[in-house]
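This report walks through one protein chain, moving from the overall fold to a few selected residues. Keep the sequence and the 3D view open while you read, and look up each residue as it is named.

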Amino acid sequence: MKILSADQTHAADQATIKTDRISSLDLMERAATALADWLMNRLSPSEAGEAHVLCGPGNNGGDGLVLARLLHLAGYAVRVWLLPADKRSADCQANLDRLPANIPQAEVAEDALPTLPDGTLVVDALFGTGLSRPLEGVAAALVRHLHKAKARVLAVDIPSGLFTDAPQPADSVIVRAYHTVSFELPKLAFLLPHNAEYVGQWHLVPIGLDAKFLAKAKVEHYFVDAAFVAGKLPRRAMFSHKGMYGHALLLAGSNGKMGACVLATRACLRSGVGLLTVRTPGIGYDVLQTTAPEAMALVDPNQDHLTELPALKSYDAVGMGPGMGQEDATRVVLEQLLREAGEQQLALVLDADALNLLGTHRELLDLLPPDTVLTPHPKEFERLTEPARDDYHRLELLRNFCQKYRCYCVLKGAYTCLGTPDGPLYFNSTGSPGMASGGSGDALTGVLTALRAQSKHLSPLDACLLSIYAHGRAGTLAAEALGEASSLAHDLIEKLGLAFQELTAPEEW
Ligand SMILES: NC(=O)C1=CN([C@@H]2O[C@H](COP(=O)(O)OP(=O)(O)OC[C@H]3O[C@@H](n4cnc5c(N)ncnc54)[C@H](OP(=O)(O)O)[C@@H]3O)[C@@H](O)[C@H]2O)[C@H](O)CC1
Ligand SMILES: [K+]
């Protein structure tokens, strides 16, 4: 799904009003009704207790006022707190005028802040996408007051004080919500690590935004949810043979780190590759043949680390890095791989120590063949570029890096972000905190290498999108089965099959 900027969100509202021939007041009613339904489905009037709805001067405050009315009419106890304002938006004022007289309302002031017993349900409808500067004065005092209370905070559309898609001063006062309920589409701010403490769990409610407008909107950010990747994995033909699904080569492992090599190998095998050869130091031969009999082992003359690049002509894709170490001889292998893969137009996936070697020998970056996939975590990415000032700066570095080197870069983390040579960034929706343990990244390298080897069936972009989505989905399935703390990389690998089944194109007839 697309991620709109704050300006585009306002334009989407206008387009919807025009297409549906409704007033902006009707759209507000629609949005707040969806929000009220969400809340009422979660909490009964007795579970909610008295809801305190904090309303600002714009349409976010207007949403809060509609919500207060709908809750009241459904039998919930409600109290409204208004931010003092010289002027309210027309729809906010209209809904203030419509507020039933028996809902208690008061204006907040620095010396008249709401009393909020522990557990009070607070609805934050102070500011939304129209926030134009950090909070100050009474609004900031109210939010600081909220920080001290042990309230259950629900943010409407976005936590007040948080910008939708731009960096802000470090000392900004921002609501810390437990739940954020937003309208139709996610906001870029929700996907950035530093905002997790403000946004809490976020949810989307549909409000019927104009589909044609959304289809046409040009965006720089996408959210990769199930609908975005559904059916992208082609079905296998009845008369399939292994030659149709690519031959991948993995260069991985060193003395003491054969586990990483085995995990990448097994993940690659579980991701539909036709044939897999693994180049490993001598130490890895028995390990590999025992743990992954489906893969062919091609041992390096050196016992402990990789020193020689095998001939590449039979392969469709090469993955390099897991558990490989950073010996100088291995760096020479990497350099040779980059040169030869460039000449032979081979698909490359570089991870772990391959990235660390690129970070310490940045001149090698100029050799990256087009469409190479790199899979750094934020520290590895920093070694390839520079320390980021904040989350937005990191995205800018990612975009610039991918455009400069015409590569795909999978920046790993919650909402893993894929940078692409053409500019757009894709945020993955799947994954689990259970994946924050050793080996998950090695598994991703295996998945990516397998899908890049199937280039007869998948574009580089689709191979990357399917890989990160399936890898995260498998992590979630493993965590559901075994718990977040106990699920391991190899459990994730065993769930890849289920994840891929969910992505496979439906049968046609
Ligand atoms: N499609 C949808 O998503 C829909 C969203 N809706 C809701 O509308 C808001 C956006 O409403 P908008 O009126 O544009 O913006 P806000 O409610 O955030 O507030 C704007 C007013 O607040 C002033 N402002 C901005 N920053 C501050 C600040 N730091 N301190 C004080 N005042 C501030 C601003 O004044 P300016 O001087 O900047 O002009 C405005 O007066 C969206 O978030 C949804 O909740 C619709 O209900 C329907 C569809
Ligand atoms: K808000």
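In this predicted model, residues 24 or more positions apart account for 74% of those contacts in the protein chain that have a separation of 6 or more. The chain has 18 helices and 18 strands. Its radius of gyration is 26 Å, close to the 23 Å that the globule rule gives for 509 residues, and the chain is therefore as compact as a globular protein of that length. Along its principal axes, the C-alpha trace spans about 85 × 55 × 40 Å, and 49% of the 509 residues count as buried.

**The sheet**

An open sheet is formed by 11 strands, which follow one another in the order E1-E9-E18-E17-E16-E15-E14-E13-E10-E11-E12, with mixed pairing. Its edges are strand E1 (2-3) and strand E12 (296-299), each of which pairs on one side only. Within this sheet, E17 and strand E18 (residues 425-428) pair in the antiparallel sense over three bridges, and Leu418 stands opposite Tyr426 in E18.

Which residues come nearest to ligand 1? Of the 27 residues around the ligand, these are Gly58, Asn59, Asn60, Gly128 and Gly130. Two or more residues of the shell are given by each of helix H1 (6-19), helix H2 (24-42) and helix H4 (59-73), and H4 provides the largest share, with five residues. Sorted by class, the shell has 11 nonpolar, 12 polar and four charged residues.

**Two groups of annotated positions**

UniProt, in an unreviewed entry, places the feature "binding site" at Asn60, Asp124 and Ser160. These positions span 101 residues in sequence, but no two of their C-alpha atoms are more than 9.3 Å apart, so they gather at one spot. Asn60 is located in helix H4, and, leaving aside neighbours within four places in sequence, Asn60 is in contact with residues including Ala125, Phe127, Gly128 and Val156.

Apart from neighbours within four places in sequence, Gly413 is in contact with Pro193, His377 and Pro378, whereas Thr416 touches Val410, Leu411, Asn428, Gly431, Ile468 and Gly472.

Are Gly413 and Thr416 buried or partly exposed? Gly413 is partly exposed, because 17 other C-beta atoms lie within 10 Å and a residue needs 20 or more to count as buried. Thr416 has 24 such neighbours and therefore counts as buried. The table sets out these values beside those of the other residues discussed here.

| Residue | Other C-beta atoms within 10 Å | Class |
|---|---|---|
| Gly413 | 17 | partly exposed |
| Thr416 | 24 | buried |
| Asn60 | 25 | buried |
| Ser160 | 28 | buried |
| Thr164 | 22 | buried |
| Ala352 | 25 | buried |
| Arg406 | 14 | partly exposed |

**Thr164**

Thr164 is found in the loop between strand E6 (152-156) and strand E7 (179-183). Leaving aside neighbours within four places in sequence, Thr164 is in contact with Ala6, Thr129, Ile158, Lys187, Leu188 and Ala189. The C-alpha atoms of Thr164 and Gly119, which are 45 residues apart along the chain, are separated by 28 Å.

**Two backbone angles to check**

Most residues other than glycine have a negative phi. Ala352, although not a glycine, has a positive phi of about 50°, and Arg406, also not a glycine, has a positive phi of about 50°. As for their places in the fold, Ala352 lies in helix H13 (residues 352-360), while Arg406 lies in the loop between helix H15 (391-405) and E16.

How values were computed: Residues are numbered from 1 along each chain as its sequence is written. Chains are lettered from A and ligands numbered from 1 in the order in which they are written. This is a predicted model: local features need pLDDT of at least 70, side-chain atom pairs count only at pLDDT 80 or more; totals for chains, interfaces and linings use all residues. A residue is buried if 20 or more other C-beta atoms lie within 10 Å of its own, exposed if 12 or fewer, and partly exposed in between; C-beta atoms are placed from the backbone. Two residues are in contact if their C-beta atoms, placed from the backbone, lie within 7 Å. Helices (H or I, at least four residues) and strands (E, at least two) are DSSP runs, numbered from the N terminus. The radius of gyration is taken over C-alpha atoms; the globule rule is 2.2 Å times the number of residues to the power 0.38. A residue is near a molecule or strand if its C-beta atom, placed from the backbone, lies within 6 Å of it. Ala, Val, Leu, Ile, Met, Phe, Trp, Tyr, Cys and Pro count as nonpolar, Asp, Glu, Lys and Arg as charged, and the others, Gly among them, as polar. Two strands pair if DSSP finds at least two bridges between them. UniProt positions are given in the numbering used here, feature names are shortened, and annotations may be inferred rather than shown by experiment.
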